[in-house]
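This report walks through one protein chain for a reader who has not seen it before. Please look over the sequence and the structure before reading on.

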Amino acid sequence: MKKEEVLRYLRTSSKTGDEKILALVERACADIERTAAPKTLYRIYECRAENGVSSIGGVEFKSLRLAENLSTCKRAVVFGATLGYAVDRLINAAAATDVALAMAYQAAAAAKIEEVCDALEEEIKTQYGVNLRRRYSPGYFDLGIEEQKKLFSLLELTKRTGITLTETLEMVPTKSVTAFIGIED
């Protein structure tokens with residue numbers, strides 16, 4: 001995992017020379033790498049997008065920006081990824097005793113889940129020989145977080161990855177990502 005990314009998530013200069021911060025980041029990266037148990041799941045669906053509505057696998061999602069993103073795509077990837085429950089436990093335990101370490105764990109876990117998502121994208125590109133658009137997730141821009149339920153309906157995330165949705169539509173484990181990615185044919 002790139003330490004510069006962890007420092008960015010900590011909102012610290014990637015060129016910091018502060019030995020305490022660097023040691024904290026080093027520890028957090030090592031602990032997250034050791035603790036994380038990444039799981040991913042994706043499916044490719046037919047899609048079409050027009051007038052601010054995207055139909056993916058027969059399910060409609062209302063978002064002008066998602067529709068723009070998918071406007072020239074005939075297929076889209078729907079995916080979920082998680083680092084697992086052990087990462088949540090590690091962060092929560094640190095939060096009770098060492099807030100700085102908990103923050104470093106949060107930052108390292110954020111960098112790690114992005115690394116997992118990036119690796120999944122590379123796997124899809126290689127396997128299918130396609131170019132992909134940028135990831136687009138419920139809760140960003142004008143794609144409401146309530147659309148998360150529809151995305152979950154397209155995948156068996158809970159059964160296959162352990163990711164669940166709370167009543168307030170937060171994902172558990174917290175270091176989880178769901179997204180759509182348009183496929184450029």
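## Strand pairing at β5 and β8

Leu132 has Ile183 as its bridge partner in β8. The strands β5 and β8 run antiparallel and are joined by two bridges. Helices (H or I, at least four residues) and strands (E, at least two) are DSSP runs, numbered from the N terminus. Two strands pair if DSSP finds at least two bridges between them.

The model is predicted, with local features needing pLDDT of at least 70 and side-chain atom pairs counted only at pLDDT 80 or more, while totals for chains, interfaces and linings use all residues. Residues are numbered from 1 along each chain as its sequence is written, and side-chain values use heavy atoms, with hydrogens and water left out.

## The sheet

Six strands form an open sheet in the order β3-β2-β1-β4-β8-β5, with antiparallel pairing. Its edge strands are β3 and β5, each of which pairs on one side only.

Strand β1 covers residues 39-50 and is joined to β4 by eight bridges, the two running antiparallel. Within this pairing, Thr40 stands opposite Ala81 in β4. Strand β1 is also joined to β2 (residues 53-56) by four bridges, again antiparallel, and Arg48 stands opposite Ser55 in β2. A hairpin is formed by β1 and β2, with two residues between them; Asn51 in the turn has a positive phi of about 50 degrees.

The loop between β2 and β3 (59-62) holds Gly57. Is Gly57 buried, exposed or partly exposed? Its relative accessibility is 36%, so Gly57 counts as partly exposed; buried means under 20% relative accessible area, exposed over 50%, and partly exposed in between (1.4 Å probe, protein chains only).

Leaving aside neighbours within four places in sequence, Gly57 is in contact (heavy atoms within 4.5 Å) with Tyr45, Glu46 and Leu154. Gly57 and Ser137 are 80 residues apart along the chain, and their C-alpha atoms are separated by 16 Å.

## Nonpolar cores

A nonpolar core is a set of buried Ala, Val, Leu, Ile, Met, Phe, Trp, Tyr and Cys residues joined through side-chain atoms within 4.5 Å. The largest one has 36 residues, of which Val6, Val77, Phe79 and Tyr105 touch the most other members. At least two residues of this core come from each of α1 (3-9), α2 (19-35), β4 (75-82), α4 (85-97), α5 (99-128) and β8 (176-184). Helix α5 supplies the largest share, 13 residues.

A second, separate core has 23 residues, including Leu70, Ala76, Val78 and Ile163.

## Lys175

Lys175 is found in the loop between β7 (171-172) and β8. Lys175 is buried but has no salt bridge, and Asp88, the nearest side chain of opposite charge, is 7.1 Å away. A salt bridge is a side-chain nitrogen of Lys or Arg within 4 Å of a carboxyl oxygen of Asp or Glu; Lys and Arg count as positive and Asp and Glu as negative, while His and the chain ends are not counted.

The side chain of Lys175 makes a polar contact with the side chain of Gln106 at 2.8 Å. A polar contact is a pair of N or O atoms within 3.5 Å; within protein, one must be able to donate a hydrogen and the other to accept it, and residues adjacent in sequence count only if both atoms are side-chain atoms.
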